[in-house]
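Reader: I would like to learn how to read the features of a model like this one. Please take them one at a time, with the general idea before the case.

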Amino acid sequence: MEKALRAQSEQLAHAVELLHQAFSQKGRLIYLGAGTSGRLGVLDASEFPPTFWFPANRVIGLIAGG
């Protein structure tokens with residue numbers, strides 16, 4: 001897994017920069033998925049407020065069918 005992450009490090013860094021820029025301008029992060037990936041996105045979104053003291057309406061998890 002480390003090799004896979006290292007191979008994508010530039011793309012990951014770019015994604016983090018875009019997210020930081022969006023958050024700096026009161027933007028949001030929206031997770032959208034179906035099945036297991038959707039459930040994990042909703043779970044991750046729900047952890048932002050208590051873990052990072054982040055406003056709940058800035059990170060949203062959406063799951064197909066729900």
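**Reading the model**

Author: In α3, the residues G38, G41, A45 and F48 are buried. Buried means under 20% relative accessible area, exposed means over 50%, and partly exposed lies in between, with a 1.4 Å probe and protein chains only. Helices (H or I, at least four residues) and strands (E, at least two) are DSSP runs, numbered from the N terminus. The model is predicted: local features need pLDDT of at least 70 and side-chain atom pairs count only at pLDDT 80 or more, while totals for chains, interfaces and linings use all residues. Residues are numbered from 1 along each chain as its sequence is written, and side-chain values use heavy atoms, with hydrogens and water left out.

Reader: What do the buried residues of α3 pack against?

Author: A contact means heavy atoms within 4.5 Å. The buried residues of α3 pack against β1 (29-33) and β2.

Reader: How many helices and strands are there in the chain?

Author: The chain has three helices and two strands, and along the sequence they follow the pattern α-α-β-α-β. Among contacts with a separation of 6 or more, 59% come from residues 24 or more positions apart.

Reader: What should α3 span, at 1.5 Å a residue?

Author: The expected span of a helix is 1.5 Å times one less than its number of residues. For the 18 residues of α3 that gives 26 Å, and the end C-alpha atoms are 26 Å apart, which agrees. Helix α2 (residues 9-24) has 16 residues and should span 22 Å; its end C-alpha atoms are 22 Å apart, so this agrees as well. L18 lies in α2 and is partly exposed, at 43% relative accessibility. L18 and R39 are 21 residues apart in sequence, and their C-alpha atoms are 24 Å apart in space.

Reader: Which side chains meet in a salt bridge?

Author: A salt bridge is a side-chain nitrogen of Lys or Arg within 4 Å of a carboxyl oxygen of Asp or Glu. By this rule the count is one salt bridge. The side chains of E2 and R6 form it, at 2.6 Å from N to O. E2 and R6 are four residues apart in helix α1 (residues 2-7), so about one helical turn separates them. E2 is exposed, with a relative accessible area of 52%, and R6 is exposed too, at 58%.

Reader: How many positive and negative side chains does the chain have?

Author: The place of a charge is taken as NZ of Lys, CZ of Arg, CG of Asp or CD of Glu. The chain has 6 positive and 5 negative side chains, and the centres of the two sets lie 7 Å apart.

Reader: What is the accessible surface of the chain, and what box do its C-alpha atoms fill?

Author: Accessible areas come from the Shrake-Rupley method with a 1.4 Å probe; for residues, only the protein chains shown count as cover. The accessible surface of the chain is about 5400 Å², and 63% of that belongs to carbon and sulfur atoms. Of the 66 residues, 17% count as buried. Along the principal axes, the C-alpha atoms fill a box of roughly 35 × 30 × 20 Å.

How values were computed: Lys and Arg count as positive and Asp and Glu as negative; His and the chain ends are not counted.
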